[in-house]
Amino acid sequence: MDLVQAIDAMELAAAEALPFALLEAVQVTVDAAKSGHPWQNRTGRTEGTTRSDGVRGSWRGGYVVRIGSGTSYSGYLEEGWDTGYSISPSGGVSVTSSQWAYLLPAWDRTADQVARDVSEALTLAVNRAH
């Protein structure tokens, strides 16, 4: 195997492994959202339906992993009753969350762990490729 073939094999291994690594790694964020919310749980519906909604995207175009809840009011918990987004004059978008937000704070608490887990999974995949 020459250098170009080795690089192609590593890229293919990473592209195949990344969606699964993201889906598995983001479970720590789902668990943190379920257990670390700022409201008093009354029905358990938001916790019970909070999950990863899968991975969409591609190796070249980037991936999106969506975490959400099946309750109709979970968006209000996260973003409040006003818009949760603002656009600055320079075009930058910022996300604001309400006092009841549970997803963004869970991500803030777990992003480093998700990055480490994905990095480890990609390292294993690339090492197996050659």
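This is a short walk through one protein model, from its overall layout to a few individual residues.

First, the ground rules. The model is predicted, so local features need pLDDT of at least 70, side-chain atom pairs count only at pLDDT 80 or more, and totals for chains, interfaces and linings use all residues. Residues are numbered from 1 along each chain as its sequence is written, and side-chain values use heavy atoms, with hydrogens and water left out.

Now the layout. The protein has 5 helices and 4 strands. Those are DSSP runs, numbered from the N terminus: H or I over at least four residues for helices, E over at least two for strands. From the N terminus, the order is α-α-α-β-β-α-β-β-α. Of the 130 residues, 29% are buried. Buried means under 20% relative accessible area, exposed means over 50%, and partly exposed is in between, with a 1.4 Å probe and protein chains only. On to contacts, meaning heavy atoms within 4.5 Å. Among contacts with a separation of 6 or more, 59% are between residues 24 or more positions apart.

Next, helix α2, residues 27–35. Which of its residues are buried? Thr29, Val30, Ala32 and Ala33 are. Viewed down the axis of α2, the buried residues fall within an arc of 165°, so they line one face of the helix. That arc is taken from the directions from the helix axis to the C-beta atoms. As a reminder, an α-helix has 3.6 residues a turn, so residues three or four places apart point the same way. What covers the buried residues of α2? The cover includes β1 (51–58), β2 (62–68) and α5 (103–129).

Let's stay with β1. Ser52 sits in that strand. Ser52 is buried, at 14% relative accessibility. Leaving aside neighbours within four places in sequence, Ser52 contacts Leu23, Val26, Val30, Val65, Arg66 and Ile67. A polar atom of the Ser52 side chain lies 3.3 Å from the backbone nitrogen of Gly54.

Past β2 comes a loop. Thr71 is in the loop between β2 and α4 (74–79). Is Thr71 buried or exposed? At 12% relative accessibility, Thr71 counts as buried. Its side chain makes a polar contact of 3.2 Å with the side chain of Ser69. A polar contact is a pair of N or O atoms within 3.5 Å; within protein, one must be able to donate a hydrogen and the other to accept it, and residues adjacent in sequence count only if both atoms are side-chain atoms. Not counting residues up to four places away, Thr71 touches Arg45, Thr46 and Thr49.

Another loop: Ala101 lies between β4 (93–95) and α5. Ala101 is buried, with a relative accessible area of 6%. Which residues does Ala101 contact, leaving aside neighbours within four places in sequence? Pro38, Leu77 and Glu78. Ala101 and Glu78 are 23 residues apart along the chain, yet their C-alpha atoms are separated by 3.9 Å.

Gly44 is in the loop between α2 and α3 (45–49). At 24% relative accessibility, Gly44 counts as partly exposed. From Gly44 to Lys34 is 10 residues in sequence and 9.5 Å in space, C-alpha to C-alpha.

That's the tour. Questions welcome.
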